[in-house]
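Me: I want to check the labels on this model. Take me through the rules and the values behind them.

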Amino acid sequence: MPPLHPNSSPPNESASRAQLIQGLLFVRGSIHTVAKQKTVCLPTPTTHLQFAMATRIRPSSKRCAVIGGSGFLGRHLVEKLLDKGYTVSVFDIRQSYELPGVTFHQGDLCDKQALLTALQDVSLVFHCASPAPASDDKALFQRVNIQGTQTVLQACTEAGVQKVVLTSSASVVFEGTDIKDGREDLPYAKKPIDYYTETKIEQEKLVLKACDKEKGLLTVAIRPHGIFGPRDPQLVPILVDTARRGKMKFIIGDGSNLVDFTFVDNVVHGHILAAESLRPESPICGKAYHITNDEPVRFWDFMADILVGLGYAAPRYHLPYTLVYGLALLLWLLSLLLRPLVAFKPTFTPMRVALAGTHHFYSCSRAKQDMGYKPVISLKDGIRRTVESYPHLRHGA
Ligand SMILES: NC(=O)C1=CN([C@@H]2O[C@H](COP(=O)(O)OP(=O)(O)OC[C@H]3O[C@@H](n4cnc5c(N)ncnc54)[C@H](OP(=O)(O)O)[C@@H]3O)[C@@H](O)[C@H]2O)C=CC1
Ligand SMILES: CC(C)CCC[C@@H](C)[C@H]1CC[C@H]2C3=C(CC[C@]12C)[C@@]1(C)CCC(=O)C[C@@H]1CC3
């Protein structure tokens with residue numbers, strides 16, 4: 001439910017606690033309490049009941065910003081935050097929807113002034129903006145994921161933001177070889193497979209390094225893997241497009257490789273748990289956390305479930321992994337060489353082939369232990385909800 005007074009400036013959590021104590025002590029008259037270097041005037045309660053009511057109708061102390069809030073994950077996160085009584089500022093390069101309780105700020109995250117406007121009176125920032133992984137624009141990835149994240153951190157410091165939750169990616173440790181039950185202490189990929197991964201590594205390092213209890217900025221990174229769900233712009237649409245072009249007949253490798261696909265609600269749950277656990281004394285400060293469905297699945301079974309659910313045939317014929325990977329590499333090089341003359345984007349990029357033909361699943365036991373994480377939606381339910389949400393992508397639609 002959207003908060004009652006979305007535009008008022010709320011006190012922070014400790015100020016709310018102070019209000020409660022003062023209320024219980026029957027303090028009369030106007031109380032002034034300092035919250036985030038601001039003087040907050042409280043109402044004039046006379047009884048416990050009146051005080052309780054007064055505090056209940058006051059705006060929520062949960063005021064946050066979601067950078068990248070127009071995107072797939074960002075919008076799901078915004079919706080959940082609203083449900084939980086947060087007031088949300090969305091900062092994104094585009095505005096894709098309108099919702100009561102959400103203030104939109106359209107801008108580029110490399111623009112500090114624009115960010116500062118969106119971060120006014122915000123104590124918690126979720127940073128989940130990134131160029132699409134399918135892009136091969138190296139300069140864009142460097143500008144947005146590296147320089148842009150530096151700008152976000154500077155703006156957060158200047159605006160007095162206290163907590164930053166970054167959406168990183170489990171791919172930061174993926175080099176194209178098998179990862180089974182990978183933990184967060186795996187080293188970052190030395191030879192990242194693409195520019196997306198390369199810049200997500202730098203981005204995560206920047207955010208975790210910025211965690212500074214003395215300066216009052218706490219940071220944490222969430223590493224989801226293979227997010228899927230309603231409104232996802234890449235996994236299901238790319239899969240269906242490939243199937244419609246008759247190219248989803250083949251299984252790359254023997255088809256036994258296990259991977260993580262994570263339903264978007266679980267990723268959102270992990271983000272909010274992280275934000276709410278992030279306190280100076282918490283073990284999560286400055287650390288990265290895998291957030292998955294905790295149900296590794298065969299890559300090709302998952303693809304088949306989505307395809308069959310939407311009325312397409314499941315892939316059946318096997319192709320050797322090394323052959324397909326070699327071809328994908330060749331095609332990618334060709335696309336680079338021919339770029340000035342013809343623009344073509346191969347469907348089977350080296351990254352996609354690597355993801356389709358290797359094991360890559362991660363342990364989320366650190367998130368379970370440190371923040372009480374547990375997936376809220378099972379893989380089966382996630383797949384059902386996803387399939388139901390794409391009637392327009394059904395075979396024959
Ligand atoms: N989807 C997945 O499977 C996984 C995603 N992640 C991470 O999760 C996060 C969210 O991903 P997802 O929701 O899938 O991606 P989306 O592309 O749907 O969302 C990202 C949003 O950020 C916006 N954006 C891009 N550049 C800028 C910029 N310079 N300034 C402001 N906003 C910008 C995008 O706008 P526009 O669309 O116009 O570019 C988009 O609205 C990303 O950080 C991604 O790396 C991690 C693991 C897995
Ligand atoms: C053409 C087929 C071989 C594959 C079609 C499905 C793919 C588009 C998706 C399967 C695994 C997905 C995935 C990502 C994007 C979409 C897939 C490649 C990410 C690269 C998105 C960003 C990340 O941080 C990691 C993801 C891993 C899984």
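Reply: Ala, Val, Leu, Ile, Met, Phe, Trp, Tyr, Cys and Pro count as nonpolar, Asp, Glu, Lys and Arg as charged, and the others, Gly among them, as polar. The shell around ligand 2 divides into 9 nonpolar, 5 polar and 1 charged. This is a predicted model: local features need pLDDT of at least 70, side-chain atom pairs 80 or more, while totals for chains, interfaces and linings use all residues. Residues are numbered from 1 along each chain, ligands from 1 in the order written, and side-chain values use heavy atoms, without hydrogens and water.

Me: What makes serine 169 a polar contact of ligand 2?

Reply: The rule asks for a pair of N or O atoms within 3.5 Å. A polar side-chain atom of serine 169 lies 2.7 Å from a ligand 2 oxygen. Tyrosine 196 also has a polar side-chain atom 2.7 Å from an oxygen of ligand 2.

Me: Why is the pair of phenylalanine 228 and phenylalanine 263 called edge-to-face?

Reply: Ring centres must lie within 6.5 Å; planes over 60 degrees apart count as edge-to-face, under 30 as stacked, the rest as tilted. Here the centres are 5.5 Å apart and the planes at 65°, so the pair is edge-to-face. Both phenylalanine 228 and phenylalanine 263 are buried (under 20% relative accessible area, 1.4 Å probe, protein chains only).

Me: How do you know that the charged end of arginine 75 sits over the ring of tyrosine 97?

Reply: For Arg, CZ must be within 6 Å of the ring centre and within 35 degrees of the ring normal. The charged end of arginine 75 sits over that tyrosine 97 ring, 4.4 Å from its centre. Arginine 366 sits likewise over tyrosine 289, at 5.6 Å.

Definitions and conventions
A polar contact is a pair of N or O atoms within 3.5 Å; within protein, one must be able to donate a hydrogen and the other to accept it, and residues adjacent in sequence count only if both atoms are side-chain atoms. Rings of Phe, Tyr and Trp (its six-membered ring) pair if their centres lie within 6.5 Å; planes under 30 degrees apart count as stacked, over 60 as edge-to-face and the rest as tilted. Buried means under 20% relative accessible area, exposed over 50%, partly exposed in between (1.4 Å probe, protein chains only).
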